[in-house]
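User: I'd like to learn how the words used for a model like this follow from its definitions. Could you take me through some of them?

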Amino acid sequence: MKARQKRLIFVLLGIVAVMGASFLINKAMQGNFYKLYTPKAVLAGEVPIGQVVRIGGLVKKGSLKRSNTKMEARFIVLDRNKNEVTIVTNKILPDLFKEGKSQVARGVLKEDGIFYAEEVLAKHDANYMPTEVKDILKEEHTPITKVKEGVK
Amino acid sequence: MTFSWFKYAAPINFYPLAGKVIPLFWFLAITLTSFGLYWGFFQTPDVLSDQKQYYRIIFVHVAASWMGMWLYAMMVFWGLVGLVFNTRLSFMMAKATSTTGALMAFIALISGAVWGKVSWGTWWDWDPRLTMSLILMFLYIGYIALHSAIDNSRRADKAAAVLSLVGLAIVPVIYYSVNCPNPNECSSLHQESSFKGVESNILLGMLITALGFWMYSFATILMRVRNIILEREINTKWVSEL
C-alpha cells in the first residue's frame with residue numbers, strides 16, 4: 001500500500017469518527033441543552049421552589065393583563081395538554097411577545113404556585129409572510145355568504 | 001492540448017490564474033450583494049405576520065451564517081486534500097479560507113445578537129444554535145492561532161488541518177440544532193428552518209445576498225492565497241522574476 005493510500009484511509013476514518021461524534025452530540029442535544037420545564041412539570045411538583053429555572057409554553061389567548069398602577073404583567077402559559085401556570089413579571093416584554101405565541105420565561109416558582117419571571121423571551125415561527133397576504137388568505141377561505149353578512 | 005486540473009495545483013500556474021479571476025469575483029460580489037440587499041430592503045413587505053421592519057436583518061444574518069458553515073467545510077476539505085496528496089496549494093487555500101470564515105461567523109453572531117435583542121428580547125442566550133455558532137467562531141480562531149503558533153509552515157498546515165477536521169463535528173450540529181419535535185418544549189429560541197413559510201421576495205433577497213457573499217468570499221480568499229503563495233515561494237526563481 002502506498003503512503004498516499006494510507007493517508008487517505010486515515011483521513012476517511014477521521015471523517016467517519018467526526019461524523020459519528022456529531023451524530024451523538026445531536027442526539028444528546030435534542031431539545032435538552034438547558035433544562036426547560038413545561039407547565040405540566042410545574043403542576044406535578046417537579047420544579048424546585050425558589051430556584052432559578054426556565055419555563056416554556058404557549059401564552060394563553062386573552063390571559064395577558066397589565067397592571068394599571070405598576071410595571072407588572074401577568075399571563076398564563078399552556079402546554080399541549082392545556083396545563084396552566086401563571087407567570088408574573090415586572091420586566092419589559094419583547095416585541096414578539098403575543099398571546100397565542102411561544103415564550104420562554106426565566107425566574108423562580110414560589111409557594112403560591114405563581115412563577116415570578118426575571119426575563120421573558122419570545123419565540124417566533126418560521127413564517128415570513130406579510131400581514132396583508134395572510135388576511136387575504138383568510139378571506140378567501142371564508143365562505144362568501146359570511147363575508148357578505150360582514151362576519152369575518 | 002488537454003486541460004489539466006493538476007496543472008493549476010502548482011502555485012506557479014495558479015498565481016496568474018487567480019489574479020485574472022479576482023476582478024470577476026469582485027464584480028459579481030458587488031453586483032449580487034447590492035441587488036440582493038436592494039431587493040431585501042425595498043421590495044419586501046414592511047410588516048410580517050409577527051415581525052416588524054427589523055426582520056430585514058435576515059438578509060445579512062442568514063447569508064453570513066451560511067457562509068460561516070460553508071467556509072468551514074471548505075477549509076476542512078482543502079486541509080484534507082493537503083493531508084492526503086501533500087499538495088502545497090491546498091494547504092494555502094485552507095489557511096486563506098480561515099480568515100474570511102472567521103469574519104463571516106463573527107458577522108453572523110453580531111447581526112444575530114441585534115436581531116435577538118429586538119425580537120426575542122435578549123442579546124444572547126445559551127440556545128443550542130447560538131452556543132454552537134460561538135464555538136464555530138472559536139474553532140476558526142483556534143485554527144488561526146494554532147497555525148501561527150507553529151513556525152514550520154508545513155507542520156502548521158498539517159496540525160491545523162487535523163484540528164479543523166475535529167471541529168467539523170460542530171457544523172451538522174448547528175444545522176440540526178433546532179429540529180425539535182414540539183416547539184413549546186424545545187429550549188431553542190431559533191425556529192425550525194424551512195423555506196415553506198418564506199414570502200418569495202424575501203427568499204429572493206436572501207438567496208441573492210448569499211450568492212453575493214459567496215463571491216466576496218472567493219475574491220478575498222484568492223487575494224489572500226496569492227499573498228501566501230508569494231510569502232512561501234519567495235525563494236523560488238519565478239517569484240523573484242515577478
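**From strands to cores**

User: Which residue in strand 3 of chain A is the bridge partner of A:Val59?

Analyst: The bridge partner is A:Val77. A strand here is a DSSP run of E with at least two residues, while a helix is a run of H or I with at least four, and both are numbered from the N terminus. Before we go on: this is a predicted model, in which local features need pLDDT of at least 70 and side-chain atom pairs count only at pLDDT 80 or more, while totals for chains, interfaces and linings use all residues. Residues are numbered from 1 along each chain as its sequence is written, and chains are lettered from A and ligands numbered from 1 in the order in which they are written.

User: What makes strand 1 and strand 3 of chain A a pair?

Analyst: Two strands pair if DSSP finds at least two bridges between them. Strand 1 (residues 52-59) and strand 3 (residues 73-78) of chain A are joined by two bridges and run antiparallel, so they meet the rule. Strand 2 (residues 65-66) of chain A is also joined to strand 3 of chain A by two bridges, again antiparallel. One of these links sets A:Lys65 against A:Arg74. A hairpin with six residues connects strand 2 to strand 3 of chain A.

User: How many bridges do strand 3 and strand 4 of chain A have between them?

Analyst: There are six bridges, and the strands pair in the antiparallel sense. For instance, A:Ala73 stands opposite A:Thr89.

User: Why is A:Lys82 called exposed?

Analyst: A residue is buried if 20 or more other C-beta atoms, placed from the backbone, lie within 10 Å of its own, exposed if 12 or fewer, and partly exposed in between. A:Lys82 has 10 C-beta neighbours inside 10 Å, so it counts as exposed. A:Lys82 sits in the loop between strand 3 and strand 4 of chain A. Its phi is near 65 degrees, a positive value in a residue other than glycine. Most residues other than glycine have a negative phi.

User: And why is B:Asn86 called partly exposed?

Analyst: B:Asn86 has 14 C-beta neighbours inside 10 Å, which is why it counts as partly exposed. B:Asn86 lies in the loop between helix 2 and helix 3 of chain B, and it has a positive phi of about 55 degrees although it is not a glycine.

User: How do you know that strand 5 of chain A is mostly covered?

Analyst: Seven of the eight residues in strand 5 (residues 102-109) of chain A are buried. This strand is joined to strand 1 of chain A by seven antiparallel bridges, with A:Val53 facing A:Gly107. Strand 5 of chain A also pairs with strand 6 (residues 115-122) of chain A over seven bridges, in the antiparallel sense. There, A:Leu109 has A:Phe115 as its bridge partner.

User: What makes a set of residues a nonpolar core?

Analyst: The members must be buried Ala, Val, Leu, Ile, Met, Phe, Trp, Tyr or Cys residues joined through C-beta atoms within 7 Å. The largest nonpolar core has 60 residues, and B:Ala63, B:Leu136, B:Ile170 and B:Val225 touch the most other members. Helix 2 of chain B gives the most to this core, with 15 residues. A second, separate core of 25 residues includes A:Tyr37, A:Ile55, A:Val104 and A:Leu121. In soluble globular proteins, nonpolar side chains tend to be buried together.

User: How many residues does each chain bring to the contact between A and B?

Analyst: Chain B brings 44 residues and chain A brings 43 residues. Two residues are in contact if their C-beta atoms, placed from the backbone, lie within 7 Å. On the side of chain B that touches chain A, 25 residues are nonpolar, 13 polar and six charged. Here Ala, Val, Leu, Ile, Met, Phe, Trp, Tyr, Cys and Pro count as nonpolar, Asp, Glu, Lys and Arg as charged, and the others, Gly among them, as polar.

User: What is the average pLDDT of chain A?

Analyst: The average is 81, and 81% of the residues score at least 70. pLDDT is the predictor's confidence in each residue, from 0 to 100. Over residues 144-152 of chain A the pLDDT is below 50, and this stretch has five contacts in the model beyond near neighbours in sequence.
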